[in-house]
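Hi,

Here is the structure I promised to pass on. Have a look at it first, and then read on for my notes.

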Amino acid sequence: SLTQSRHSRHLGGCAAALARFGRGDSGDLAVAAEQLRLARRELGRITGQVGAEDVLDIIFRDFCVGK
């Protein structure tokens with residue numbers, strides 16, 4: 001179903017971010033933190049948790065504010 005497909009896509013995105021985090025190739029804490037943030041964001045899209053960043057992304061994408 002559509003919901004299962006969406007969940008699968010977000011879980012895949014989360015797993016990919018966690019895999020990049022786990023590799024830790026660069027040793028840079030900022031890069032590691034960004035990977036964890038991306039993983040959390042993907043899970044939030046499944047659970048319905050919406051953060052300020054998500055709202056701003058929608059506003060700038062759909063309403064062309066600031067262009």
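The average pLDDT of the protein is 84, and 93% of the residues reach at least 70. Helix 1 has the highest mean pLDDT among the elements, at 92, while helix 3 (residues 52-63) has the lowest, at 75. Where pLDDT is low, the predicted coordinates should not be read in detail.

Let me start with helix 1. This helix runs over residues 2-23, and at 1.5 Å a residue its 22 residues should span 32 Å; the C-alpha atoms at its ends are 32 Å apart, so the two values agree. His10, Cys14 and Ala17 are its buried residues to look at. They cover an arc of only 60° around the axis, which means that they sit on the same side of helix 1. The buried residues of helix 1 pack against helix 2. On the face turned away from that buried side you will find the exposed residues Gln4, Arg9, Gly22 and Arg23. Gly24 follows helix 1 and has a positive phi, near 50°.

Now for the partner. Leu38 is located in helix 2, and with 27% relative accessibility Leu38 counts as partly exposed. Leaving out neighbours within four places in sequence, Leu38 is in contact with Ala17 and Arg20. Between Leu38 and Gly24 there are 15 Å in space, C-alpha to C-alpha, for a separation of 14 residues in sequence.

The structure holds one salt bridge. Glu34 makes a salt bridge with Arg37, with 2.7 Å between the closest N and O atoms. Both residues belong to helix 2, three residues apart, or about one turn of the helix. An α-helix has 3.6 residues a turn, so residues three or four places apart point the same way. Glu34 is partly exposed at 32% relative accessibility, and Arg37 is partly exposed as well, with a relative accessible area of 27%.

Not counting residues up to four places away in sequence, Glu42 touches His10, Gly13 and Cys14.

Best wishes

Note on methods: Residues are numbered from 1 along each chain as its sequence is written. This is a predicted model: local features need pLDDT of at least 70, side-chain atom pairs count only at pLDDT 80 or more; totals for chains, interfaces and linings use all residues. Side-chain values use heavy atoms; hydrogens and water are left out. Contact means heavy atoms within 4.5 Å. Helices (H or I, at least four residues) and strands (E, at least two) are DSSP runs, numbered from the N terminus. The expected span of a helix is 1.5 Å times one less than its number of residues. Buried means under 20% relative accessible area, exposed over 50%, partly exposed in between (1.4 Å probe, protein chains only). The arc is that of the directions from the helix axis to the C-beta atoms. pLDDT is the predictor's confidence in each residue, from 0 to 100. A salt bridge is a side-chain nitrogen of Lys or Arg within 4 Å of a carboxyl oxygen of Asp or Glu.
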